[in-house]
Amino acid sequence: MADRAGDRSDHASRAGDTEPASGAEEPSDLGVTVAERLRRVQGGLSRAEMKIARELTANYPAAGLNSASGLASQAGVSAPTVVRFVARLGFDGYRQFQQSLREEVQARQASPLTLAPVIGADSPTSELVEAARQVGTATLGQTFAALPEQEFDHAVGLICDPAKRIACFGGRFSQLLAEYLDLHLRVLRPGTIVHAPAPGRDAGFRVDVGRRDVCVVFDFRRYQDDTVELARHVHEQGAKVVLFTDPWLSPVAEFADVVLPARVEAPSPFDSIVAPLALVETLVAAVHARLGPAAEERMRATEDIWRGGTATS
């Protein structure tokens, strides 16, 4: 499933915001992106290495496709520091590091027309079921293994803050995830909204959004232009941005306060929302636990209304 409407012109060939990508013949061997490697080591980086990490994150993945000396110049460090940094990420050398990034660029540009399905027209149902099982198990395992715990905890804290208003929005397909999250959040706490597709047309929201707001944004390949543009606007207005995206990172990651990546591989040529949905449900569980009695009281009140009672939320 993919966010395709309004794709950025320079991303015209990318598979949509989630049109499950697959094509891997070994579903359990999903690649680890440079961004994931960065998150794994960021707690132990030196000050100079942090400069490189910030430069890569701010201009991902293009910054890493520059020469080692060019990246060093951009980050304000020495070339040997870049080489040591790349080794810390687990690469044998700068060439291998760049090859990994080039493969990511290809993955970001994939579309349902370029991603080969795991099964063919003559494949038996049993083969489809087994392929779906393998890919689904792998994507879920990889997603949670790579989950950045500090980022996740930060997202929970922002969403549980009673002083904050929560707004969820996504793209053509990922809007489903925004609506699903909002349906749960409004049962757990007040002050939540979800925007319909093309939320950028809501001039009132653009005017009102500010430091009181937390915007939960869903943007997957192909990264949707109007979603990215609206996310940038709310960031510039002072709102916090929590981003759900794929391992190749939406452009929103450049300025998001929290980035939660999820795998999107599937046995078909369409990206999957199985792992992103599981991550959303994990967030809901954490918010419910953090809010505690306040959430329980609101849940009882909303349940009374659903059953025709008189309680109000």
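Hi everyone, let's start with Y94, which is buried at a relative accessible area of 14%; buried here means under 20% relative accessible area, exposed over 50%, and partly exposed in between, with a 1.4 Å probe and protein chains only. Before going on, a word on the source: this is a predicted model, where local features need pLDDT of at least 70, side-chain atom pairs count only at pLDDT 80 or more, and totals for chains, interfaces and linings use all residues. Residues are numbered from 1 along each chain as its sequence is written, and side-chain values use heavy atoms, with hydrogens and water left out.

The structure holds 3 aromatic pairs. Rings of Phe, Tyr and Trp (its six-membered ring) pair if their centres lie within 6.5 Å, and planes under 30 degrees apart count as stacked, over 60 as edge-to-face and the rest as tilted. Y94 and F97 make a tilted pair, 5.2 Å centre to centre with 45° between the planes. Both sit in helix α5 (residues 94–108), and because they are 3 residues apart, about one helical turn separates them. Helices (H or I, at least four residues) and strands (E, at least two) are DSSP runs, numbered from the N terminus. F97 is buried too, at 0% relative accessibility.

Now to F218 and F244: their ring centres are 4.7 Å apart and the planes meet at 20°, so this pair is stacked. F218 belongs to strand β3 (residues 213–218) and F244 to strand β4 (residues 240–245), so the pair ties together parts 26 residues apart in sequence. F218 and F244 are both buried.

Back to Y94 and F97, which form one aromatic cluster with F91. Over the ring of F91 sits the charged end of R37, 4.3 Å from the ring centre; the criterion is NZ of Lys or CZ of Arg within 6 Å of the ring centre and within 35 degrees of the ring normal.

Last stop, helix α12. Which residues of α12 are buried? They are A295, R298, A301 and T302. Just after α12, G308 takes a positive phi of about 90°. Thanks, everyone!
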